[in-house]
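This briefing is intended for a reader who is new to the structure shown below. Please keep the sequence and the model in view while reading.

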Amino acid sequence: MAWGHTGSPTRLRKARQTLSARKLMVTVFWDAQGILLIEFMTRGTTINSEVYCRTLKKLKRAIQNKRRGLLSSGVVLLHDNARPHTAVRTGDVC
């Protein structure tokens, strides 16, 4: 059963789920002035605390190169509570 308008066709189309060979994961960091870092993940890579720490280190270098002086004044990252973000190792190492 589905909701529809009175003039809509009675037979509903089901969306087909297919895997796309072109999909890939990308991580993007930006601030008010523009993009700081774009990182494309290799196919099949899982984001864990180790990969996330490497990404944060790349972000630190990008901030040093693009926004001189910003690290000394302080940087606040806004991210969700995904496991790699909240892992103890991420907080200790990075």
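The model is a predicted one. Its largest nonpolar core has eight residues, and a separate topic is the nonpolar patch on the surface, with about 720 Å² of accessible area together.

**Nonpolar core**

- The residues of the largest nonpolar core are F29, L36, L37, Y52, L56, L59, A62 and I63.
- Strand β2 (34-40) and helix α1 (49-66) each supply at least two residues of this core.
- With five residues, α1 gives the most to the core.
- In soluble globular proteins, nonpolar side chains tend to be buried together.
- L37, a member of the core, is in contact with T27, V28, F29, T55, K58, L59 and A62, when its neighbours within four places in sequence are left aside.

**The loop residue R67**

- R67 is located in the loop between α1 and α2 (70-73).
- R67 counts as buried because its relative accessibility is 15%, and the cut-off for buried is under 20%.
- Beyond residues up to four places away in sequence, R67 touches D31, Q33, G34, I35, L36 and A62.

**Nonpolar surface patch**

- The patch on the surface is formed by L24, V26, V28, W30, I35, I38 and F40.
- Both β1 (26-31) and β2 supply at least two residues each to this patch.
- V26, one of the patch residues, lies in strand β1.
- V26 is partly exposed, because its relative accessible area is 40%, which falls between the cut-offs of 20% and 50%.

Technical notes:
Residues are numbered from 1 along each chain as its sequence is written. This is a predicted model: local features need pLDDT of at least 70, side-chain atom pairs count only at pLDDT 80 or more; totals for chains, interfaces and linings use all residues. Side-chain values use heavy atoms; hydrogens and water are left out. A nonpolar core is a set of buried Ala, Val, Leu, Ile, Met, Phe, Trp, Tyr and Cys residues joined through side-chain atoms within 4.5 Å. Buried means under 20% relative accessible area, exposed over 50%, partly exposed in between (1.4 Å probe, protein chains only). Helices (H or I, at least four residues) and strands (E, at least two) are DSSP runs, numbered from the N terminus. Contact means heavy atoms within 4.5 Å. Patches are made of residues with over 30% relative accessible area and no salt bridge: like charges are joined within 9 Å, nonpolar side chains (Val, Leu, Ile, Met, Phe, Trp, Tyr) within 5 Å. Accessible areas come from the Shrake-Rupley method with a 1.4 Å probe; for residues, only the protein chains shown count as cover. A salt bridge is a side-chain nitrogen of Lys or Arg within 4 Å of a carboxyl oxygen of Asp or Glu.
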